[in-house]
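Biologist: I would like to go through the terms used for this protein, one at a time. Please set each value against its cut-off.

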Amino acid sequence: MDKLFNDIFLKACRHEDVPYTPVWYMRQAGRYQEEYRAVREKYSFFDISRNPDVCAKVTRLPVDKLGVDAAILFADIMTPLKARGLGVEIVEGVGPVIEHPVKSGKDLARLGELDPRSDVPYVLDTVNLLHQQLQVPLIGFAGAPFTLASYLVEGGPSKNYHRTKAFMYTQPGDWNVLMDYLSGLTVTYLKAQIEAGAQAVQVFDSWVGALGEEDYRTYIAPTMVKIFTELKNTGAVSIYFGAGAGHLLKEWAKLPADVLSIDWRTSLADARRQGADKALQGNLDPSLLLAPWSVLKERAKKILDESDGKNGFIFNLGHGVFPEVREQTLKALTDFVHDYSQNLKKLVQKNGK
């Protein structure tokens, strides 16, 4: 490699000393980038993920253009299920749409178990390629069982998840079958990415905030304990993300995940008060990326000040980058986070905190 490997992100995840706060952005590869839009004119979303050279290029773009401290694999949470024969398409402006929604646990039997080497070799080839090309850590990822189940049961995105919750309450046996299948798929998929070269993995539970604490503890927590316990044995960093899930942090704090990724609805201080003593990631409101620079900078500064220059914090958004964001804004934000946090850490060390 021409440059020294930048492992600051991994160190922050492990609560080790770092010279500045590392930063990366969820959905940092996407439609806000001119180069990505040019790629999409030639390839569909799933076609990109099936072409390792193209997928690696798209994954690298934010690292090259923004100077972020980690790359995240370009793929979709439905990729392993589609590879097993699930009828799903990514509809522009909508999200995953399922051809035949799941009605019972038996509906998953026809999919069978995931064999990464034969089902998603292109994903592993992309990870291996990026492992050789990148000078920053690569984050692999997968969807969490609840979030995957919500698409499978609802047939696509939902505003209230009524069908998913009804399935959970009225068909507990089938729900357990669903959770067992999806947890096994998630672990198998993530372990394969780690073996191919991913140094960290993030489990996206984007819609789990729709559940109350009791339902999470009863229907979801055992599955998440199983997943993160399995991941712990790999030595890779594990991250758990969910939007609107601040009320679940007491339960999350019990999980054997390394990093908890929170959104803007929960402050770092509130997360700590709820017992989240793991490394934290977040939590700028993505909408602020459209605000005047003075406002955006002040909000980013407030988050960094709240971290108090301490170890165990990764700057990110509370959800993903969206198409209307300007690339120059993200570049300026990345530079600001690096510079300001470096000075903050020096000040903290000087004052002996």
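**Terms and cut-offs**

Modeller: To begin with disulfides, the count is zero. A disulfide is a pair of cysteine sulfur atoms within 2.5 Å. This is a predicted model, in which local features need pLDDT of at least 70 and side-chain atom pairs count only at pLDDT 80 or more, while totals for chains, interfaces and linings use all residues. Residues are numbered from 1 along each chain as its sequence is written, and side-chain values use heavy atoms, with hydrogens and water left out.

Biologist: Why is C13 called buried?

Modeller: Buried means under 20% relative accessible area, exposed means over 50%, and partly exposed lies in between (1.4 Å probe, protein chains only). C13 has 3%, so C13 is buried. C55 has 1% and therefore also counts as buried.

Biologist: How do you know whether S183 is buried or exposed?

Modeller: The relative accessibility of S183 is 3%, so S183 counts as buried. S183 lies in helix α10, residues 172-196. Helices (H or I, at least four residues) and strands (E, at least two) are DSSP runs, numbered from the N terminus.

Biologist: Which residues is S183 in contact with, leaving aside neighbours within four places in sequence?

Modeller: They are P145, T223, K226 and I227. Contact means heavy atoms within 4.5 Å.

Biologist: What makes F141 and F204 an edge-to-face pair?

Modeller: The structure holds 13 aromatic pairs. For F141 and F204 the values are 5.4 Å centre to centre and 75° between the planes, which is edge-to-face. Rings of Phe, Tyr and Trp (its six-membered ring) pair if their centres lie within 6.5 Å; planes under 30 degrees apart count as stacked, over 60 as edge-to-face and the rest as tilted. F141 lies in strand β4 (residues 138-143) and F204 in strand β5 (residues 200-204), so the pair ties together parts that are 63 residues apart in sequence. F141, at 7% relative accessible area, is buried, and F204, at 13%, is buried.

Biologist: Why is the pair of F146 and Y161 called tilted?

Modeller: The angle between the planes is 55°, with 6.4 Å centre to centre. F146 lies in helix α8 (residues 145-154) and Y161 in the loop between α8 and α9 (162-170), so the pair ties together parts 15 residues apart in sequence.

Biologist: What makes E35 and K65 a salt bridge?

Modeller: A salt bridge is a side-chain nitrogen of Lys or Arg within 4 Å of a carboxyl oxygen of Asp or Glu. The side chains of E35 and K65 meet at 2.6 Å, N to O. E35 is in helix α2 (residues 34-40) and K65 in helix α4 (residues 52-66), 30 residues apart. E35 has a relative accessible area of 28%, so E35 is partly exposed; K65, at 30%, also counts as partly exposed.

Biologist: How do you know that D180 and K226 form a salt bridge?

Modeller: Their N to O distance is 3.3 Å, and the limit is 4 Å. D180 is in helix α10 and K226 in helix α11 (residues 213-232), 46 residues apart.

Biologist: Is R273 called buried or exposed, and why?

Modeller: R273 has a relative accessible area of 63%, so R273 is exposed. Its side chain meets that of D270 in a salt bridge of 2.2 Å, N to O. D270, at 30%, is partly exposed. Both residues lie in helix α13 (residues 268-273), three residues apart, about one turn of the helix.
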